[in-house]
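Please open the model in your viewer and keep the sequence panel beside it.

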Amino acid sequence: SDAQNGTNGVDSSDDGGGSTTNSGPDTVSYSCVMNAISKSNAADAPKRSRALLERMLSSKILPDVVTWNSLLNCYANRGMAKEAEEWLERMETLQQKSLLTDGPNTISYNSVLNAWAKSDSVDAPQRAKELLRRMVELQEEQKQHEDNVQEEELQYGKDKDPQQYQKQNKSRQHKVQVEPNKITQTSFLLCFEKNNCMQEGYDEWEQITHQTSSSR
């Protein structure tokens with residue numbers, strides 16, 4: 001797929017911190033350019049952003065979540081939902097391999113929901129439901145992670161075991177944050193509104209998000 005072909009340069013030996021191996025352009029430089037491209041009206045914006053991402057990877061410069069989100073926005077702003085979701089799935093894979101430590105985040109998922117909302121696809125409602133489920137599942141994982149960290153902090157204590165305390169704080173600091181918000185809800189409902197099933201959208205939103213809140 002488009003996303004898979006664009007990320008073959010990821011080196012599993014890298015730490016995912018967005019570091020560079022030379023004194024040339026770094027992650028921030030590329031991210032700024034890609035963000036500007038994503039906001040342009042250029043028809044070839046996705047192609048240009050993808051080329052920049054490929055250049056980063058070939059130079060062993062790891063993208064961070066800002067870089068990836070700029071790419072997602074290129075597709076989202078043009079209603080290219082399938083492509084946007086492919087890249088989001090690639091981000092999820094990299095995160096699971098610890099090659100992307102700060103994403104995907106709420107903005108990432110909202111961008112893909114926005115892409116489906118802007119598309120004319122009859123699959124938009126179903127894709128929106130799947131994306132929302134993934135978001136609330138990650139939200140639950142985050143809550144469990146935070147509870148575990150708090151429990152371990154109480155067990156070890158800062159004074160009793162400073163090294164363990166710092167390790168757990170680092171774990172908390174680098175945990176990706178995903179939480180559905182008003183922007184999520186708006187894009188989610190638009191996916192249903194465009195397919196003339198707005199009430200279903202409200203019902204699905206309440207059902208999916210209520211399941212998450214009730215399980216806490």
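How close do the axes of helix α2 (residues 27-38) and helix α3 (residues 45-58) come, and at what angle do they cross? Before selecting them, note the conventions. The model is predicted: local features need pLDDT of at least 70, side-chain atom pairs count only at pLDDT 80 or more, and totals for chains, interfaces and linings use all residues. Residues are numbered from 1 along each chain as its sequence is written, and side-chain values use heavy atoms, with hydrogens and water left out.

**First selection: α2 and α3**

Select residues 27-38 and 45-58: the axes of α2 and α3 come within 9 Å and cross at roughly 170°. Axes here are lines fitted to C-alpha atoms, for helices over the stretch in contact, and angles run from 0 to 180 degrees between N-to-C directions. Helices (H or I, at least four residues) and strands (E, at least two) are DSSP runs, numbered from the N terminus. The two helices α2 and α3 are therefore roughly antiparallel; angles over 145 degrees count as such, those under 35 as roughly parallel, 65 to 115 as roughly perpendicular and the rest as oblique.

Now show the side chains at this interface. From α2, Thr27, Tyr30, Val33, Met34 and Ile37 meet Ala45, Arg48, Ser49, Leu52, Leu53, Arg55 and Met56 of α3, where contact means heavy atoms within 4.5 Å. By class, the contact of α2 with α3 has eight nonpolar, two polar and two charged residues. In this classification Ala, Val, Leu, Ile, Met, Phe, Trp, Tyr, Cys and Pro count as nonpolar, Asp, Glu, Lys and Arg as charged, and the others, Gly among them, as polar.

A crossing is left-handed if the near helix is turned anticlockwise from the far one by less than a right angle, and right-handed if clockwise.

On the α3 side, select Ala45, Pro46, Ser49, Arg50, Leu53 and Met56; on the α4 side, Thr67, Trp68, Leu71, Cys74 and Tyr75 complete the contact. The residues of this contact of α3 with α4 divide into eight nonpolar, two polar and one charged.

Move to helix α6 (residues 106-118) and helix α9 (residues 182-193), whose axes come within 8 Å and cross at roughly 25°. That angle makes α6 roughly parallel to α9. The crossing in which α6 passes α9 is left-handed.

Thr106, Asn110, Leu113, Asn114, Trp116 and Ala117 of α6 meet Ile183, Thr184, Ser187, Leu190 and Cys191 of α9. By class, the contact of α6 with α9 has six nonpolar, five polar and no charged residues.

Next, pick Glu193, which is found in helix α9. Glu193 is partly exposed, with a relative accessible area of 40%; buried means under 20% relative accessible area, exposed over 50%, and partly exposed in between (1.4 Å probe, protein chains only). Draw a distance from Glu193 to Ala117: the two are 76 residues apart in sequence and 8.7 Å apart in space, C-alpha to C-alpha.

Go to Gly24, in the loop between α1 (2-5) and α2. Gly24 counts as partly exposed at 37% relative accessibility. Gly24 and Ser59 lie 35 residues apart in sequence and 9.9 Å apart in space, C-alpha to C-alpha.

Which peptide bond is cis? Select Gly103 and Pro104: the bond from Gly103 to Pro104 is cis, with omega near 0°. Pro104 is placed in the loop between α5 (81-96) and α6. Ser98 also has its place in the loop between α5 and α6. Phi of Ser98 is near 65°, a positive value in a residue other than glycine, and Ser98 is partly exposed, with a relative accessible area of 46%.

Finally, select Asn196, in the loop between α9 and α10 (198-214). Asn196 has a positive phi of about 60° although it is not a glycine, and it is exposed, with a relative accessible area of 74%.

**Last view: the whole chain**

Buried residues make up 44% of its 216 residues.
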